[in-house]
Amino acid sequence: MSNDKRKVTIKAWRFNAQTDYLPYTKEYKMEVGKDELVLDLMNKIKWEHDGSFSYRRSCRHGICGACAIKVNGKSVLACKQNAIELLDMFNNEITLEPQSKKRAVKDMIIDKSDFWDKHAQVKSYVVADIDPRPESESKQSIAQFNALLDADLCIQCGACHYACPVLEVNEDYLGPAALVAAFRFSADTRDEASKERLELTAQPRIGVWDCVKCYECAEACPKEVNPIEKIGKLHNMQFEQKVAQSNVATRHAEGFVRSIRKHGFLDEADIVVYSEGYLGMYKHLKTAYKMMKSGKIHWQDGVPFIDSMPKIKNLDEVQKLIDISMTNKL
Amino acid sequence: MSKLKYALYTGCTAKQSTPELLSSTLAVADKLGIEIIILEEASCCGASHLQDFDEFLAHVLNARNICYAEKLGLTMITICNTCQLNSAMTKHALDSNPELKARVNEKLAEVGLEYKGTSEIKHFLYALIDEYGLDNIKDKVVTPLSNFNIAPFYGCHNIRPSELHHGSNGGENPYMPTSLDNLIDALEGNPVDYSHKNKCCGFHVELQANHTSEVLAGNALVDAIDNNADMVVTPCPLCHLKMDTYQDDMGKVIGRDIELPVLHMPQMVALALGCSEKELGLNFHVQKATQIVEDASK
């Protein structure tokens, strides 16, 4: 047992929605040992400094998902995150914050109803007609379980959901956690609602096409579920199961093949024309004019029958590889 | 120091809408005595969108690109965060999954190639910092950037997911990245500290979720402006395109006037090393940036 304890001042974001007009930050001096967790720091604040400090906690084993908070903007599961590691990461200056300040009820406790609503929307359970008095379990093979790609490890802590920048801007978006659940149950061989879920997750504003690909969710997840990987799988499944409708987002994805086959490179002008359609181009005329003026694009770019695109060397290899490797169609 | 030599994966934008990125990259390499061989055979990385359509095809095409760097026996450097991410993801997937690697190699064999996993993949930013060295860059500065407050914008795909990138980005902390700040320091500029430096620019949903895209980019630029930035600098041409081209649109969406030059990382280095205006290519920016050359020597 090491006696080396680090003397630090921990800051905590404080707010009581019932009595406070504005939030404030308070400092707490304490000593931190090498095996202590962020949860231990919160306990010290509550037990040794201020009994009114509020946070959720339950299992202390990284499985209930109750104690997720943010520290300096980083999502952490308080009962899993080593405190010294975190202090090292931020030069000993850390501030404990709730996952979402705008949803704060008291200190670290937030109103998570938006999170649960999104889960309900994707039917986060196996939809199947089963005998209410079954003779045996409904068994799954190792291969069937592996097809879930660890999506089953999600503990609904909300770390990815409240790290997602899209949800801050677009409240209709399902968000990474609900999309992981949508994948998990759609990939389950017992489930009968996967088409319905894929249709929901294919919708503009709501589904996977609004993901900005920032990887905040992958970084945030304390269980290494890697939500964006599942969002990618849902994209692929929409094409595989013929759920994908032809729209600006799906044509944008599929249009890459068209460009790469022709030039090896992405044709930046063509991909916009192809995705939007000629009628949709009116939205981009002003931008095209600005880009033309500064020499970023040229008048002939995107005009059919005029090929001014650079080509890669050995383009024939790429064309052959597309022909023999591509499996999906729009 | 022995001479550094890299295989350069240009990506698509440097060959089209951001020619200034390629010219400034080559100019910086030339000034620092770094030898560059352009991978003229390399195709598009898929930019995460091809991956959405057909993940396996994306792995095959990215593995083919890496094969050409392997043939040269060189580290493959990238000048686009998204190229870096997608190439590194394919490398990681193939190196950790022998079954997938075999399936990909079966396709590559049809065109006489084999992916081995022998080349590292690194963004030019980290090649400069971790292999060339900040002190060595500092020695070559002829135009210190001390007249400028420079806001570093890191771009998601160089810093997240950190587990994937840590082997090639010096262990950058995605919640408090420092590499670009340190580079600005080395060029004697004043790094601007602001909370959006490691956030998303929204480029990837520009077409299908325009409002989201404008808000994310607009918030980042306004944060830089409010912290007295004279310019933003980014290692990613997609962040550059989003933030440079759409300033009036995002200004309308979030209700603020936004006018701020957005430089590519190699342009900033080229400026400090005294490269020519033609190599800098500031004339290719939508948001006027050509005055920066004159302002630098005031």
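B:Val232 touches B:Ala151, B:Phe153, B:Leu221, B:Ala224, B:Met243, B:Leu260 and B:Val262, leaving aside residues up to four places away in sequence. Contact here requires C-beta atoms, placed from the backbone, within 7 Å.

This is a predicted model: local features need pLDDT of at least 70, side-chain atom pairs count only at pLDDT 80 or more, and totals for chains, interfaces and linings use all residues. Residues are numbered from 1 along each chain as its sequence is written, while chains are lettered from A and ligands numbered from 1 in the order in which they are written.

**Core.** B:Val232 belongs to the largest nonpolar core, which has 184 residues. Together with A:Ala78 and B:Ile150, B:Val232 touches the most other members. Such a core is a set of buried Ala, Val, Leu, Ile, Met, Phe, Trp, Tyr and Cys residues joined through C-beta atoms within 7 Å. Buried means 20 or more other C-beta atoms within 10 Å of the residue's own; exposed means 12 or fewer, and partly exposed lies in between. H3(B) gives the most to this core, with nine residues. Helices are DSSP runs of H or I with at least four residues, strands are E runs of at least two, and both are numbered from the N terminus.

**Interface.** On chain B, 52 residues are in contact with 58 residues of chain A. Three helices of chain B each give two or more residues to that side: H2 (49-53), H3 (55-72) and H10 (210-226). H3(B) gives the most, with six residues. B:Ala209 sits in the loop between strand E6 (190-191) and H10 of chain B. B:Ala209 touches A:Asn170 and A:Asp210. It counts as buried because it has 25 C-beta neighbours inside 10 Å.

The chain B side divides by class as follows.

| Class | Chain B residues touching chain A |
|---|---|
| Nonpolar (Ala, Val, Leu, Ile, Met, Phe, Trp, Tyr, Cys, Pro) | 24 residues |
| Polar (the others, Gly among them) | 17 residues |

**Helix pair in chain A.** The axes of H10(A) (residues 248-263) and H11(A) (residues 268-276) come within 8 Å and cross at roughly 140°. That makes H10(A) oblique to H11(A). Oblique covers what is left after under 35 degrees (roughly parallel), over 145 (roughly antiparallel) and 65 to 115 (roughly perpendicular). The contact residues divide into three nonpolar, four polar and four charged.

**Enclosed helix.** H13(B) (residues 265-273) is largely enclosed by the rest of the structure, because nine of its nine residues are buried. Just after H13(B), B:Gly274 takes a positive phi of about 80°.

Conventions: Two residues are in contact if their C-beta atoms, placed from the backbone, lie within 7 Å. Axes are lines fitted to C-alpha atoms, for helices over the stretch in contact, and angles run from 0 to 180 degrees between N-to-C directions.
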